[in-house]
Amino acid sequence: MALDPRNPVVALCAAGMAADDAATARDCFTKAWAVRADDFEAAVAAHYMARLQPDAGGKLDWDARAVQHAEAAIAGGDTRVRVMLASLYLNLGDGLLGAGRPDKARDAIARAEAALAALAGDGYGGFVAAGVARLRARALGQGE
C-alpha cells in the first residue's frame, strides 16, 4: 500500500508501527489523531488507533470511525483513501462478526470485495484479498 510518508499523520502512524512497545505506538497514534486535518488523515489515524484498543468494542468503534472518514473522503473527491478501503471494510467486518452482527458483517465484506478492485495485484493486494476471503468463509459459517 502506497501512502505518502511525508504526510504528518502517515509518518506518525509509521513511527507507531515501528515502535518497540505499545505505549510508544499508542502515543504516536494518539498524536496522529490529534493532528488530522481532513477525512483521509482521520481514516488513517482511526485505522491505527483501532489496533491498540484494549477490547473488541473499542476496536470496533475505531474501525467504524475509520470507515466513516474514508467514505466521507471519497464523497468529497479525495481518492487517496481508496488503497485502504478494502482493508478498512475487512477490519470492520471482522469486528462486526465478532460482535454477533453477521448481517452487518456480510455487508462490510461485500464492500471490501468491491474495494479490492482499487488494489494492485501485488503482495499487499493479495494479502487483503486473502483476508477478505477468509472473513467471507467465516461469515458463511454463521449462516447466510
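These legends go with close-up views of a predicted model.

**View 1. Helix α5, from end to end.** Start with α5, which runs over residues 82–98 and so counts 17 residues by the helix assignment used here. From the first C-alpha to the last, α5 reaches 25 Å, close to the 24 Å expected at 1.5 Å a residue. Look around the helix too: 13 of its 17 residues are buried, so α5 is largely enclosed by the rest of the structure. Just past the helix sits G100, with a positive phi of about 80°.

**View 2. The largest pocket.** Here you're looking into about 380 Å³ of space. The pocket has 20 lining residues, and the closest to its centre are H47, S87, L90, N91 and F127. At least two lining residues come from each of α3 (39–51), α4 (56–75), α5 and α7 (123–140). Helix α7 supplies the largest share, 7 residues. Sorted by type, the lining has 10 nonpolar, 4 polar and 6 charged residues.

**View 3. The second largest pocket.** This one holds about 210 Å³ of space. Its lining is made of 14 residues, with A64, V67, L92, L96 and K104 the closest to the centre. Two or more lining residues come from each of α4, α5 and α6 (102–115). This time α4 gives the most, with 6 residues. As for type, the lining splits into 7 nonpolar, 1 polar and 6 charged residues.

**View 4. Back to α5, between the pockets' linings.** Which helices supply at least two residues of the lining of the largest pocket? They are α3, α4, α5 and α7. Helices α4 and α5 turn up again in the lining of the second largest pocket, along with α6.

Note on methods. Residues numbered from 1 in each chain as written. Predicted model: local features only at pLDDT ≥ 70, side-chain atom pairs only at ≥ 80, totals over all residues. Heavy atoms only, no water. Helix = DSSP H or I, 4+ residues; strand = E, 2+ residues; numbered from the N terminus. Expected span 1.5 Å × (residues − 1). Buried < 20%, exposed > 50% of the residue type's maximum accessible area, 1.4 Å probe, protein only. 1 Å grid on protein atoms, 1.4 Å probe; cavity = no way out; pocket = protein on both sides within 12 Å on 5 of 7 lines; lining within 4 Å. Points joined across faces, edges and corners; volume = space filled by probe spheres on them. Nonpolar A, V, L, I, M, F, W, Y, C, P; charged D, E, K, R; others polar.
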